[in-house]
Amino acid sequence: MGIMEIIGIAGSVSLLAGWRLYLCVFATGLAMRFDVIPIPEHLASLGVLENPWVMGIAAIAAIAEFFADKVMWLDSAWDTVHTLIRPVGGALLALAIVDPSDPATQVVAFILGGGASFLAHGGKASARAVVNTSPEPVSNLVTSSAEDVATVGLLYVAYEYPTVAAAVAGVLLALAVGLLWMAQRIVRRVFFRTRKVVD
């Protein structure tokens, strides 16, 4: 596996961890345990994810996140709590993917993985805050369910087709930036209208 595929996998997993860290950990561990995803030898450090304790804790946290993410405003509170957790988790996942014999690459992976997770988390949290302003609860449920399905599907694609993983990471990065930009415009518009009413 070439450096581009490894970077693509690390980038995809880091970005997805910014959405659903616990689901990424659990789904990867489960796929490894049942040999659904053929993990190459150089990714052996990811073997810790199939440890029953790690999978159990990740599953409990993923279930808690699944339900918390479906409730309006509770999802934003959950995102706020995870502002530090998701980037660190994404950085550690990226670190586990790169070659451990190259410290320089590991440092780069850790920094970029954390940054990618933070960016994806910021895009998700911003978009969900905007969705929460909608008076009906269906949009929140639909958005959260779409994130669940997209995370599992894109995680599978990233591991199963490493050559496509870089493209997946690029799409996720563009999506995260787009969500941040869109949320910023909506918040600015709402703030401007509120200020006009007050004046």
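Which element gives the largest share of the lining of the largest pocket? Helix α1 does, with eight residues. The close-ups below come from a predicted model, in which local features need pLDDT of at least 70, side-chain atom pairs count only at pLDDT 80 or more, and totals for chains, interfaces and linings use all residues. Residues are numbered from 1 along each chain as its sequence is written, and side-chain values use heavy atoms, without hydrogens or water.

**View 1. The largest pocket has a volume of about 320 Å³.** Of its 20 lining residues, Ile7, Ala10, Gly11, Leu112 and Gly113 are the closest to the centre. Two or more lining residues come from each of α1, α5 (103-131) and α7 (162-198). Helices here are DSSP runs (H or I, at least four residues), numbered from the N terminus. The lining divides into 14 nonpolar, six polar and no charged residues. Nonpolar covers Ala, Val, Leu, Ile, Met, Phe, Trp, Tyr, Cys and Pro; charged covers Asp, Glu, Lys and Arg; the others, Gly among them, are polar. A pocket is an open set of points on a 1 Å grid over the protein atoms alone, where a 1.4 Å probe fits, with protein on both sides within 12 Å along at least five of seven lines; lining residues have an atom within 4 Å of a point. Volume is the space filled by probe spheres set on the points, joined across faces, edges and corners.

**View 2. The second largest pocket has a volume of about 170 Å³.** Val25, Leu49, Gly89, Leu92 and Leu93 are the closest to its centre, of 12 lining residues. Helices α1 and α4 each supply at least two lining residues. The largest share, six residues, is from α4. This lining holds 10 nonpolar, two polar and no charged residues.

**View 3. Gly90 lies in helix α4.** Beyond its neighbours within four places in sequence, Gly90 contacts Ser14, Ala17, Leu21, Gly113 and Ser117. Contact means heavy atoms within 4.5 Å. Ser12 is 78 residues from Gly90 in sequence, yet 9.7 Å away in space, C-alpha to C-alpha.

**View 4. Helix α2 covers residues 52-68.** Its buried residues are Met55, Ala58, Ala59, Ala61, Ala62, Glu65 and Ala68. They pack against α1 (3-33), α3 (74-81) and α4 (85-97). At the start of α2, a side-chain oxygen of Asn51 comes within 2.7 Å of the backbone nitrogen of Trp53.

Methods
Expected span 1.5 Å × (residues − 1). Buried < 20%, exposed > 50% of the residue type's maximum accessible area, 1.4 Å probe, protein only. Polar contact = N/O pair within 3.5 Å; in protein donor to acceptor, adjacent residues only side chain to side chain.
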